[in-house]
Amino acid sequence: MDRPAVALVLVSHSRALAEGAAELAGQMAPDVLLLPAGGTDDGRLGTGFDVVSGAIEQAVSEGRSAVLLTDLGSALLTAESVLEMADADVVARVRLADAPFVEGAVAAAVAAQDGAALEDVADAARAAALTFGGAARHPDAPAGAGEGGETSGWAAREPGAAGEQTGTPGAAGSPGALRTQAAGVAAGGRPMAPAQTAEPRHAPDAHVATGMGPEAGADRSGATGGGGTGMPTARGTAVLRNRFGLHARPAAHLARTAAAFRSAIEVNGVDVRSVLSLVSLGAVGGTHLVVTATGADAPTAVRAIVAELEEGFGEA
Amino acid sequence: MTLDVDWAVRWVRSSADVVAAHRTELIELDRQIGDGDHGENLHRGFSATVAKLDALEQPPAQVGDVLKLLATTLMSTVGGAAGPLYGTAYLRAAKVTGLSELDSAAVVAMLEAGLEGIVARGKASPGEKTMVDAWSPAVAAAVAAADSGQDPAGVLAAAADAAADGAQATVPLVATKGRASYLGERSAGNADPGATSTALLIRAAADTAAQAKV
């Protein structure tokens, strides 16, 4: 198949780390162009202007756009310097994702594999920070909670220095719209919205039977994207059939299935399009899961996700 | 007096010498609170710039041309954060020095642009134990010296003194930016390597300018 339209550039101080991250992300996103840009121009630890600019050039060739992920301080500084000196048409097609390097790379690669647009791939990377949980990362934490050095910079840094701040919140109802809002927490200047990840990650209740029906939306804030009250919601439950549960491959499978729908879909309170959130549920075989959806195709979406969970992903 | 492209070339060569002479000291400072490569990285960057100057077929025409060559070479050879930080500083400074001669106001504009570049790239504020702690007082002193009618050499000398004081003042500070911030309280007790190299480089500029007067 053709390569997806969005490539990733992985900028690290270490060539081995960049190549390893590309290898890891490539396992779940075989068609995405993943370009490691690690080490200095002469192969030492550090970041090199020419290494990064060469990778960016290759990433955005053939009409592609690219999301950049960086590890320690100077990786970001070098990437920003390259973009400061790059042509405007290149800068316009590049997003710097302020995200954890490995988790962000995997999340962004899966989104790119699904055919997500540039902004949504960048948001998928940024949202990966939320999978760490903890007070500092919690969407309800004060905006300044992560302020300070590069040790805790995900929540505080601007999404990029190249002036590419765009009014993302996408078309309401587009597959990426909800993730965009969730990522708004991580992306400094954007308005915060009560994101679905703010909900507790446990099943509110555990019905074994698969059920379907309208829900009053009592556990939703109404601000989750579609304009609230008028949006159809659906809810179903399922039992994980495969022994090893929601590990990376099944999670990626679910995320890809979800990409076909317009509704916001959650499993036990986490965004089903975020592979890392799904994996971090730690759901093993036999776990009861609650699937909820909000949006025009909510009932179909819930049915599809429940069916996949019950089928066991082709595993024993 | 004014400063011209010959001053700029001599300043870069002198900077390379100064960095070479202080290489071990900078490495040692960086080893205390960082990854220990600051002296080595800067030495590599300035040496590479001198090599490029030597290889030029046509001498650079303006101060800005020299600064641009320095900026791009540092960005591609340094490897650590100092590459993009100094690179951005000199690149911004190059943009305001597309002139054949710099008077005191132009020297101030050059330093201000450099500080602006450092802050834009590193997002640091004064007091965070970074090169901003040397650059900021240097710019303030340069502005004051120019206002009081000092010539470019006097402006740079005032900036160099203030940068040295600023670098020394980073000793007790706890780093909250950059690699040193991982160390927390342990980062106090030594001067910041970036602030120290900033002071050395501005001193080299001042000394070269003073020589131009005689």
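A salt bridge is a side-chain nitrogen of Lys or Arg within 4 Å of a carboxyl oxygen of Asp or Glu. With that rule in hand, 4 salt bridges are found across the interface of chain A and chain B. This is a predicted model, in which local features need pLDDT of at least 70, side-chain atom pairs count only at pLDDT 80 or more, and totals for chains, interfaces and linings use all residues. Residues are numbered from 1 along each chain as its sequence is written, chains are lettered from A and ligands numbered from 1 in the order in which they are written, and side-chain values use heavy atoms, with hydrogens and water left out.

**View 1. Here is where chain A meets chain B.** One of the salt bridges joins Arg92(B) to Glu84(A), whose closest N and O atoms are 3.1 Å apart. On the side of chain A that touches chain B, helix 2 (49–59) and helix 3 (73–85) are the elements that give two or more residues; helices (H or I, at least four residues) and strands (E, at least two) are DSSP runs, numbered from the N terminus. Helix 3 of chain A brings the largest share of that side, 7 residues. Sorted by class, that side of chain A has 5 nonpolar, 10 polar and 7 charged residues. Here Ala, Val, Leu, Ile, Met, Phe, Trp, Tyr, Cys and Pro count as nonpolar, Asp, Glu, Lys and Arg as charged, and the others, Gly among them, as polar.

**View 2. How much area is buried between chain A and chain B?** The size of an interface is often given as the accessible area lost when the parts come together. For chain A and chain B the buried area is about 1800 Å², with 52% of it given by carbon and sulfur atoms; this is the accessible area (1.4 Å probe) that two parts lose on being put together, summed over both. Chain A puts 22 residues into the contact and chain B 24 residues, where contact means heavy atoms within 4.5 Å.

**View 3. Aromatic rings gather in chain B.** Ring pairs link Trp7(B), Trp11(B), Tyr86(B) and Tyr90(B) into a cluster. Rings of Phe, Tyr and Trp (its six-membered ring) pair if their centres lie within 6.5 Å; planes under 30 degrees apart count as stacked, over 60 as edge-to-face and the rest as tilted. Over all chains, the structure holds 3 aromatic pairs. Trp7(B) and Trp11(B) are stacked because their ring centres are 6.1 Å apart and their planes are at 10°. These two residues sit 4 residues apart in helix 1 (residues 5–21) of chain B, so about one helical turn separates them. Trp11(B) also pairs edge-to-face with Tyr90(B), at 5.6 Å centre to centre and 80° between the planes. Since Tyr90(B) belongs to helix 5 (residues 82–95) of chain B and Trp11(B) to helix 1, their pair ties together parts that are 79 residues apart in sequence. Trp7(B) is buried at a relative accessible area of 2%; buried means under 20% relative accessible area, exposed over 50%, partly exposed in between (1.4 Å probe, protein chains only). Tyr90(B) is also buried, at 5%.

**View 4. Look here for Ala258(A) in helix 8 (residues 248–258) of chain A.** Ala258(A) is buried, with 0% relative accessibility. Leaving out residues up to four places away in sequence, Ala258(A) touches Ile265(A), Val272(A), Arg273(A) and Ile305(A). Its C-alpha atom is 9.9 Å from that of Asp114(A), a residue 144 residues apart along the chain.
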